[in-house]
Amino acid sequence: ISPVADQEAVIPLCQKYNLAVLPVVIKTGEIVGILTFDDVLDVVEEENTEDVLKQAGVTPTNTPYLETKPSSLP
């Protein structure tokens, strides 16, 4: 996968080919890193959390909701 590819593009690749490790390759064919299965699971969890929050009508923030001032929520 390309280093500039969207993180969501990793999920279907790993599912389709049942990959535990996915190389990150630049245009010259040089491997610049790898994504492991646990990295992909982190992406899946992040995307699912974002989807659930959107369905609940909650805007994701970088700070916990109990620590966020009500005036700063959309």
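Is Ser 71 buried or exposed? Ser 71 is exposed, with a relative accessible area of 69%. This residue belongs to the segment after H2. Bear in mind as you read on that the model is predicted.

**The segment after H2**

Let's stay with this part of the chain for a moment. Ser 71 and Ile 1 are separated by 70 residues in sequence, and their C-alpha atoms lie 41 Å apart in space. Glu 67 is also placed in the segment after helix H2, a helix that covers residues 37-55. Glu 67 has a relative accessible area of 65%, so it counts as exposed, the cut-off being over 50%. From Glu 67 to Glu 45 the sequence distance is 22 residues, and the C-alpha separation is 22 Å.

**How H1 and H2 meet**

Now for the pair of helices. Helix H1 spans residues 10-17, and its axis comes within 10 Å of the axis of H2. The two axes cross at roughly 125°. On the H1 side, the contact is made by Val 10, Ile 11 and Cys 14, while H2 brings Val 40, Val 43 and Val 44. Sorted by class, this contact has 6 nonpolar residues, with no polar and no charged ones. As for handedness, the crossing of H1 and H2 is left-handed.

**A salt bridge within H2**

The structure holds 1 salt bridge. Its partners are Glu 50 and Lys 54, whose side chains meet at 3.1 Å, N to O. Why are these two residues separated by about one helical turn? They are 4 residues apart in helix H2, and that spacing amounts to about one turn. Side chains of opposite charge can pair when their charged atoms come close. Glu 50 is partly exposed at 27% relative accessibility, and Lys 54 is exposed with a relative accessible area of 54%.

**A positive phi at Asn 18**

One backbone detail is worth a look too. Asn 18 has a phi near 55°, a positive value in a residue other than glycine. Its place is the loop between H1 and strand E1, the strand being residues 21-25. Asn 18 counts as exposed, at 71% relative accessibility.

**Accessibility side by side**

Here are the residues discussed above, with their values.

| Residue | Relative accessible area | Class |
|---|---|---|
| Asn 18 | 71% | exposed |
| Glu 50 | 27% | partly exposed |
| Lys 54 | 54% | exposed |
| Glu 67 | 65% | exposed |
| Ser 71 | 69% | exposed |

How values were computed:
Residues are numbered from 1 along each chain as its sequence is written. This is a predicted model: local features need pLDDT of at least 70, side-chain atom pairs count only at pLDDT 80 or more; totals for chains, interfaces and linings use all residues. Side-chain values use heavy atoms; hydrogens and water are left out. Buried means under 20% relative accessible area, exposed over 50%, partly exposed in between (1.4 Å probe, protein chains only). A salt bridge is a side-chain nitrogen of Lys or Arg within 4 Å of a carboxyl oxygen of Asp or Glu. Axes are lines fitted to C-alpha atoms, for helices over the stretch in contact, and angles run from 0 to 180 degrees between N-to-C directions. A crossing is left-handed if the near helix is turned anticlockwise from the far one by less than a right angle, and right-handed if clockwise. Contact means heavy atoms within 4.5 Å. Ala, Val, Leu, Ile, Met, Phe, Trp, Tyr, Cys and Pro count as nonpolar, Asp, Glu, Lys and Arg as charged, and the others, Gly among them, as polar.
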